[in-house]
Amino acid sequence: DRQATTDTMFEPLKESIELLKTFGEEMPDEVFQQLEELPELWTSLKKVAVVMKQNIAPLQANECNNIRRKLANFDVRQHEFREKFRKTAPFQFDSKQPYLRINRVHRSILEMEQEMKDLQESGQLFEVNTPEFKQLKACRREVKMLKCLWEMVELVKSSFADWNTTLWKDINVEQMEMDCKKFVKDIRLLDKEMRAWDAFAGLDSTVKNMVTSLRAVGELQNQAIRSRHWEQLMQATQVKFVMSDETNLADLLALNLHKFEDEVKNIVDKASKELSMEKTLGELEVT
């Protein structure tokens, strides 16, 4: 309490001056005069403050009520904003223009945060308790997480788009699998709260499907694979394509290999056995 602290300041000042006198330090007469006058002036000021406080009490009470009404109104609006945020923010993996939507939401949150700050300052000034406004804070927290998530989504999508143009003969399955493992690790490091979002589930399944597909592609790079085996693969996947020097990773992924990993393995195993048998027959013919 500043008033109580000020009340106790005058006597210590007088004692300090008396102590200085014992060491031969003399204070100007003005100082002694001020020490005599200040306590009375302070007492008068306190009386004036009491009167002023009584005079402005109705105005202060009215302003407190205004602030409480504004706080109540803002509380309702923040709940409404929260509901709208959950519907419009890009939580879905198929969301269009996610960055544009995140930026719009961010600007709206900034405006509400400034209003919240002004209300909190007014409440503090007039000693009115202010709510925490948890709904608005939740929106701020989630919009930051959405930005991190979509940065990861765009990184994965752009990487896969580059891989898709890789010709069949140039596909480096080992390197791509290493990159996918890093993606999986980075996804696991994202905030656990995101795991309930469709955008996270979509990202996670996209990477996992690519890992599975790459295993199948690695199997198909076996030298035992012949044209008839590609025909068998097309029959298993119910997808037709022409295997040529122009075939790229996108063509293979169109077979939905992540859904037919076992079929691919069986076809490759069969091809390997057929190749081994052909070699054996060839050796017998030579002898």
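The largest pocket of this predicted model holds about 180 Å³ of space. A pocket is an open set of points on a 1 Å grid over the protein atoms alone, with protein on both sides within 12 Å along at least five of seven lines. Its volume is the space filled by probe spheres set on the points, which are joined across faces, edges and corners. The lining consists of Ala49, Met52, Lys53, Ile56, Gln60, Phe126 and Glu127; lining residues have an atom within 4 Å of a point. Four of these residues are nonpolar, one is polar and two are charged. Here Ala, Val, Leu, Ile, Met, Phe, Trp, Tyr, Cys and Pro count as nonpolar, Asp, Glu, Lys and Arg as charged, and the others, Gly among them, as polar.

The second largest pocket has a volume of about 160 Å³. Phe81, Lys84, Phe85, Thr88, Arg101, Arg104, Val105 and Ser108 line it. Helix 3 (29-88) and helix 4 each give two or more residues to this lining. By class, the lining has three nonpolar, two polar and three charged residues.

Residues are numbered from 1 along each chain as its sequence is written. Because the model is predicted, local features need pLDDT of at least 70 and side-chain atom pairs count only at pLDDT 80 or more, while totals for chains, interfaces and linings use all residues; side-chain values use heavy atoms, without hydrogens and water.

Helix packing was examined next. Helices are DSSP runs (H or I, at least four residues), numbered from the N terminus. Axes are lines fitted to C-alpha atoms over the stretch in contact, and angles run from 0 to 180 degrees between N-to-C directions. Helix 3 and helix 5 cross at roughly 30°, and their axes come within 8 Å. The two are therefore roughly parallel (angles under 35 degrees; over 145 counts as roughly antiparallel). Helix 3 passes helix 5 in a left-handed crossing, with the near helix turned anticlockwise from the far one by less than a right angle. On helix 3, the contact residues include Phe74, Phe81 and Phe85; on helix 5, they include Leu136, Cys139 and Val143. Contact means heavy atoms within 4.5 Å. This contact has eight nonpolar, three polar and four charged residues.

Helix 4 (residues 98-125) packs on helix 5 (residues 134-164) at about 160°, with the axes 10 Å apart. This pair is therefore roughly antiparallel. The crossing of helix 4 with helix 5 is left-handed. Among the residues that meet are Tyr99, Ile102 and Val105 in helix 4, and Leu136, Leu146 and Trp150 in helix 5. The contact has 13 nonpolar, one polar and five charged residues.

Helix 5 also packs on helix 6 (residues 173-188), with axes that come within 11 Å and cross at roughly 170°. These helices are therefore roughly antiparallel. Met152, Leu155, Val156, Ser159, Phe160 and Trp163 in helix 5 meet Met176, Asp179, Cys180, Phe183, Asp186 and Ile187 in helix 6. Nine of these residues are nonpolar, one is polar and two are charged.

How values were computed: Angles under 35 degrees count as roughly parallel, over 145 as roughly antiparallel, 65 to 115 as roughly perpendicular and the rest as oblique. On a 1 Å grid over the protein atoms alone, a cavity is a set of points where a 1.4 Å probe fits but cannot get out, and a pocket is an open set with protein on both sides within 12 Å along at least five of seven lines; lining residues have an atom within 4 Å of a point.
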